[in-house]
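This report describes selected features of one protein chain.

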Amino acid sequence: MATSPASFSDIGKRAKDLLTKDYNFDHKYTLSLQGSSGLGLIATGLKRDQIFVGDINTLYKSGKTTVDVKVDTYSNVSTKVTLSDILPSTKAAFSFKIPDHKSGKLDVQYIHPHAAIDSSIGLNPTPLLELSAAIGSKDLSLGAEVGFDTASANFTKTDKGQVLKASYVHLVNPVNGTTVGAEMSHRLNTNENSFAIGSSYALDQLTVVKTRFSDNGKVAMLCQREWRPKSLVTLSAEYDSKASKAAPKLGLALSLKP
């Protein structure tokens, strides 16, 4: 629903995407292929130092059903089947990993005009139960989450209300897409604050520049260029002002969509 609040896990997503999306300080290569029958394939390779890892992801969509299968370098297979509108405004997803026979999980999401509720249960003898909810609208929302581990009979995913988080994104200039944003958090029990601010600016229709500054002294910048339709090359750099003797981190990402 267009006016519904985002799920709890997606609260602040616009700011998080502005501050973190597309930043990469390794060598990353992605090839995406999309067929006319609803079948898509994505091959990803990542080189970090002298180690190279990768995965192949296939995605098939048919009507209200989506099947997502991923195989990684270590022959682990992850599968997720999503069914939309099994009930009005309700979506369910079943996922599991091979060879981990205890990884099965069922997720159910319900979207209301003024609320979003997500629940999850592990499909094993001692499952992890998770529940999150958000209320409000697409522009302003408030939420909470809680988890319960039946194996240890302990609550998880709860900070007892000790952390306050807020984020903000503002489109400064619609013509060139200039956007600024910030993400802040305050821990009540220690009175600690943390923040990150960032910006995005389109140099032209094919080139975007982003910047980011964090309270930990790290400054980052990226330049992304669409060198052919739907294909991107991204250069990223990060400098830690508190580790002046360390060399800046550099990264290259190439995404190809024939």
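Tyr168 stands opposite Ala182 in strand 13; strands are DSSP runs of E with at least two residues, helices are runs of H or I with at least four, and both are numbered from the N terminus. The model is predicted, and local features need pLDDT of at least 70, side-chain atom pairs count only at pLDDT 80 or more, and totals for chains, interfaces and linings use all residues. Residues are numbered from 1 along each chain as its sequence is written, and side-chain values use heavy atoms, with hydrogens and water left out.

Strand 13 has pairings with strand 12 and with strand 14, where pairing requires at least two DSSP bridges between two strands. The table sets out both.

| Pair | Sense | Bridges | Residues between strands | Positive phi |
|---|---|---|---|---|
| Strand 12 (residues 163–173) and strand 13 | antiparallel | ten | four | Gly177, about 70° |
| Strand 13 and strand 14 (residues 192–204) | antiparallel | nine | four | Asn191, near 60° |

Each of these pairs forms a hairpin. In strand 14, Asn193 is the bridge partner of His186.

Thr178 belongs to strand 13, which spans residues 178–187. Thr178 counts as buried because its relative accessibility is 17%; buried means under 20% relative accessible area, exposed over 50%, and partly exposed in between, with a 1.4 Å probe and protein chains only. The side chain of Thr178 makes a polar contact of 2.5 Å with that of Asn176. Such a contact is a pair of N or O atoms within 3.5 Å; within protein, one must be able to donate a hydrogen and the other to accept it, and residues adjacent in sequence count only if both atoms are side-chain atoms. Leaving aside residues up to four places away in sequence, Thr178 touches His170, Leu171, Val172, Asn173, Ser200 and Tyr201, with contact meaning heavy atoms within 4.5 Å.

The lining of the second largest pocket divides into six nonpolar, eight polar and six charged residues. Here Ala, Val, Leu, Ile, Met, Phe, Trp, Tyr, Cys and Pro count as nonpolar, Asp, Glu, Lys and Arg as charged, and the others, Gly among them, as polar. Strand 1 gives the most to this lining, with four residues.

Overall, the secondary structure comes to one helix and 18 strands. Of the 258 residues in the protein, 24% are buried. The C-alpha atoms fill a box of roughly 50 × 50 × 40 Å along the principal axes.
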